[in-house]
Amino acid sequence: MSQNNEKTYGILINYEYCTGCHSCEIACKKELNLPEGQFGIKLTEIGPWQINEDKWEWTYMPVMTNLCDMCSDRVAEGKLPSCVQHCQAWCMYYGEVDELAKKIDGKSRMALLVTKQRDGN
Amino acid sequence: MADYKEFLNNINREAYHEGEWQWQEGEYTVTRTYHYSPPGCHNSCGVLLYTKDGKLEKVEGDPLDPHSNGKLCIRCLNMPEAVNHPDRLKYPLKRVGKRGENKWERISWDEAYDTIEKKVKEIKKEYGSESIVGIHGTGRNINYQLPYFYQAGLETPNVAVMFFTGFACYLPRVVGSFAAMGEFVIVDASQAHEDRYMNEDWKPPACIIVWGNDPVKSNGDGFLGHWLVQCMQMGSKLIVIDPRLTWLAARADYWLQVRPGTDAAMALGMLNVIIGEDLYDHDFVDKWCFGLDALSQRVAEYPAEKVAEICDVPAEKIRGAARLFAKSKPSAVQWGLAFEQQISCMPLTSATISLFAITGNVDVPGGMLMVRAAFDTQRMYNYGEEFLPEGKMAKKLNSDAKGIAESSIVPHASSDVILHAIETGEPYPIKMAWIQSSNSLACPAMDAPRAYEALKKIDFIVYADPYMTPTAVAAADIVLPVAMSCERNSARSWWTPLRSMTKVTQYYEAKSDEEIIVDMGRRLNPKAFPFKNDVEFIEAYIKNDGNYPGTFEELRNKGGHEYWEWDTIYRKYEKGMLREDGNQGFATPTGRIELTPNAYGFWGLDPLPYHIEPPESPVSTPEMFKEYPLIMTTGGRSWEFFHSEHRQLKTMRELHPDPLMMLNPETAAKYDIKEGDWVWIESPKGRFKQKATFFPGLKPYVIHTEHAWWFPEKEAAEPSLFGVFDSNPNNLTPAGVVGKGGIGSPIKSMLVKIYKVEEGVNDQVMPTMQVTRMGGFKNVTK
Ligand code: SF4
Ligand code: SF4
Ligand code: SF4
């Protein structure tokens, strides 16, 4: 791994804009060569339901599973993680968590996802 | 906001081999090129093809491609499964059993070509080449390849998407745009600029109406739907006009949930507000538009309250949406297929053009960009018609009605008139069909059971596709295996940039569409086919017919794309770029945008827009509505499939195993339907079944069904026929019911009733059995 072990890397999801297109799921499945039923990242869906006369709730959000290795090989080659590269909605960002956190400005719905990258207690 | 500059700055260009079109990465050869169907889509996204030992192993998006920026939908990501699938056709086949028995014998290409050549020549001699019909589907090769082959090779004027009534896709919007503006327009999402969202002249639309389509899923007409999501992140507000909630609608400032088939009334209502409240762009209208007074009088008949009643949308929302659209600068309209799949198609098109014209949004940055195909690779359906033998054009099967078809501005023959000729032999018999890139029975054929009977009547049918389809099993005599995306050299534009596809693999004996066309064309009409191979055919199109200055190889070596300046320039009408005489203005008779198009008058249409009720509706057929109390809309896209394609692929069926009928939970409760129940959908014309899924984003009186389902996992031979009629909404759609001028088809607003499929009670006879063995739905046999 070329990643500096001091730093923690993550994926920021601007899930306000996640369209539920499944590209992250399938890109990851192909990257990790996963069989039917298994995912490195999987979409969750909330809604649709009506909040009031003019507003609807319909949210998608992908979640990384234990199979996700943050595309360490790709990243070592200088490429983007496959899910991030293919995300059609431009709602995924890869990077060092401190840097990514700076994008969170309270103007959109965002989540910063981090997988286990080193042994915890 | 996704920052494009940051994206470009952070891309590791070395890792993605900038400037190279092919390289080695470990055990893989990587090729930078573009995808083009099959399998399908109207788009060509930039791909990196990973091949090993002559096999496609992996596909990635190309982050250095400005068209799609490395993003791919799951259809391209999953391409290796489609390309390497064991069900693919490997060799040419000839039928040895009866039609429908699925009995074939492998033959050589030479034998296939010999058989076809002999037949074509006999038919031409005995009946005339017009008794051959050239049939195509959508995307892929319709832009220039098949029209050229059919007209120059088969020498027939009868080219059509068969069994597809009313030209009910896209063409009418194109024709309507040319009538009003002399040019076509698309939402300016920066796609004409190579530097895209960073381009200094460009700005995102402040407001976008997304009308009658779900572009993030459909990517129709060369427009990548997710460009809109990028625009949203840059501030674009949305108005969505759709009977069904979409992801975009859930994020819109206004979602106008119209009753299916009433869109023209909505356009008129919005115009009424914009003109009535004086929200239009006086400068632009005074200088560049024609016909506002007449239009104002007409729209005065459509106040918001009246439209609210017609469309079942609150008047306040109509006003609010109209104001938002008119006051935002710039605004744009992403219009979709629903325009043609209603009989108000032509007035809806002109009224919508008036909406973005009188608000000053034509050919401005972030508005409605006037586009031509890159390097003038502009000719599409009429490509090759100059090789039609004398007198053949006059034999084209067009409707007699005074209208657009008759004026030949739609270069296609009329599907309904061809259907009539097949059925009756009048005005002359149809002896042969060549079907390439269309699974007619599964997808486009309205009144599919009737299309099935008609196909069986045609003496000789050649069918070319990557897979064996129900249409081929039912009717083909010779089947030709077609090469898929990475197995073909090709080029296309459909606006911009010009893009090329590079062949990197070979699947058994499959040949690309271009190869088949050139091989066969050389035999049938060598004068029109001086090409030695596919590349010469492609170059003739991009260089001679268009004006691309390079060769195919040069385009490939550049990474497969080239942008074109013409499309990047705004306000072309001020610059004398649109008219042949080089003057300012638009290429219309008045030199202005015609809000009341003269061409409409010439075609016998009312130049002023109007609303007309769907032929079946609670308003037009209240008696029928009592027995069939639901409006069925159909044809919404899904992530996994392009029309009838991709049904073989496990990855897709894992996500989307069954055809889904969406209905409001309230409606489901009324009919005692639970989530996941199979449900019959029935009209007086027939029935089909789909699986119920609850969806509160539909009005209780509207249901939505999916189109183009067949089941490759089922038995091919009749009466199974891959179950092609079992879940097919086209058992219910009519052939021959059209809007004025022969344009538009009411297939998104049909009256139906629904009831649960009950084992042993009403599921004894499946629709495919009924159609293939019992003569169709004269009665629904339960
Ligand atoms: S980072 Fe790589 S491994 Fe992790 S979810 Fe994305 S594609 Fe899968
Ligand atoms: S690829 Fe992006 S938009 Fe598509 S489902 Fe995944 S996160 Fe959402
Ligand atoms: S839109 Fe999807 S299927 Fe079409 S070319 Fe792009 S990635 Fe491929």
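The following questions and answers concern a predicted model of two chains and their ligands.

In this predicted model, local features need pLDDT of at least 70 and side-chain atom pairs count only at pLDDT 80 or more, while totals for chains, interfaces and linings use all residues. Residues are numbered from 1 along each chain as its sequence is written, chains are lettered from A and ligands numbered from 1 in the order in which they are written, and side-chain values use heavy atoms, with hydrogens and water left out.

User: How much area do chain A and chain B bury between them?

Analyst: Contact, meaning heavy atoms within 4.5 Å, joins 40 residues of chain A to 48 residues of chain B. Buried area is the accessible area (1.4 Å probe) that two parts lose on being put together, summed over both. Of this area, 57% lies on carbon and sulfur atoms, and the total is about 3700 Å².

User: Which residues of chain A lose the most area to chain B?

Analyst: Three residues together account for 23% of what the chain A side buries. They are Trp56(A), Trp58(A) and Trp90(A).

User: Which residues come nearest to ligand 1?

Analyst: A residue is near a molecule if one of its heavy atoms lies within 4 Å of it. The shell divides into 10 nonpolar, 2 polar and 1 charged, where Ala, Val, Leu, Ile, Met, Phe, Trp, Tyr, Cys and Pro count as nonpolar, Asp, Glu, Lys and Arg as charged, and the others, Gly among them, as polar. Of the 13 residues around ligand 1, those that come nearest are Cys28(A), Cys68(A), Asp69(A), Cys71(A) and Cys83(A).

User: How many charged residues does the shell around ligand 2 have?

Analyst: Ligand 2 has 13 residues around it, and Cys18(A), Cys21(A), His22(A), Cys24(A) and Cys87(A) come nearest. By class, this shell has 9 nonpolar residues and 4 polar ones, and the number of charged residues is none.

User: How many charged residues does the shell around ligand 3 have?

Analyst: The residues around ligand 3 include His35(B), Cys41(B), Arg75(B) and Asn219(B). The shell divides into 6 nonpolar and 4 polar residues, and the charged count is 1.

User: Are helix 4 of chain B and helix 20 of chain B roughly parallel or oblique?

Analyst: Helix 4 (residues 109-127) and helix 20 (residues 513-524) of chain B pack at an angle of about 50°, with their axes 10 Å apart. Angles under 35 degrees count as roughly parallel, over 145 as roughly antiparallel, 65 to 115 as roughly perpendicular and the rest as oblique. Helix 4 of chain B and helix 20 of chain B are therefore oblique.

Methods:
Axes are lines fitted to C-alpha atoms, for helices over the stretch in contact, and angles run from 0 to 180 degrees between N-to-C directions. Helices (H or I, at least four residues) and strands (E, at least two) are DSSP runs, numbered from the N terminus.
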